[in-house]
Amino acid sequence: MALQHSDPPAHSPLRAPLRVGPAALPGQETLTYFAAAFFTLALLTDWAYVQTMILTWQDFSSWLLLAGLVAGGVAVLLWLVGLALYRQRPVWIIAILNALVLAAAFLNSLVHAGDGWTAIVPWGIGLSLVTCVLMLASAVLRRQAFHRIHAA
């Protein structure tokens, strides 16, 4: 069948078939990695606070959590735009894990708003650890989905 003038071009998102996999816009993966780095560093600064009891480490943790939430929020916005533009079906378990990461980090940020020892021990460092474990699980599943998609 010949391409008529009324048909959208072959490279148009309107003509693209529904695909399965992550929709990545430029910068989305980078922001995801930055958010993961910020949340991991927040866990390390929580641990440093527990070891030294220097309040500066608590402040570092709070700022790192804020930076991770901003980077993660922008990555989510780019992911949603990518889903709308490229009509890709998301891998829901990864999307749910990423939402849980941001929810745990937000709750952790609220806990870190407390003062001194009670802001870090036990809930602050525990939530930082939960956030990192959820990020690790999401990364493993994302890598498996990537290899499964590109192997087919």
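This is a predicted model: local features need pLDDT of at least 70, side-chain atom pairs count only at pLDDT 80 or more; totals for chains, interfaces and linings use all residues.
Residues are numbered from 1 along each chain as its sequence is written, and side-chain values use heavy atoms, leaving out hydrogens and water.

**Confidence**
- The protein's mean pLDDT (the predictor's confidence in each residue, from 0 to 100) is 86, and 84% of its residues reach 70 or more.
- Helix α1 (residues 28-52) has the highest mean pLDDT among the elements, at 96, while strand β1 (residues 19-20) has the lowest, at 44. Helices (H or I, at least four residues) and strands (E, at least two) are DSSP runs, numbered from the N terminus.
- Over residues 1-5, pLDDT stays under 50.

**Helices α3 and α5**
- The axes (lines fitted to C-alpha atoms over the stretch in contact, with angles from 0 to 180 degrees between N-to-C directions) of α3 (residues 92-112) and α5 (residues 123-151) come within 9 Å and cross at roughly 165°.
- α3 and α5 are therefore roughly antiparallel to each other (under 35 degrees is roughly parallel, over 145 roughly antiparallel, 65 to 115 roughly perpendicular, the rest oblique).

**Aromatic rings**
- The structure holds 3 aromatic pairs (Phe, Tyr or Trp rings, using Trp's six-membered ring, with centres within 6.5 Å; planes under 30 degrees apart are stacked, over 60 edge-to-face, the rest tilted).
- Phe 34 and Phe 38 have ring centres 6.2 Å apart and planes at 40°, so this pair is tilted.
- Phe 34 and Phe 38 sit 4 residues apart in helix α1, so about one helical turn separates them.

Technical notes:
Contact means heavy atoms within 4.5 Å.
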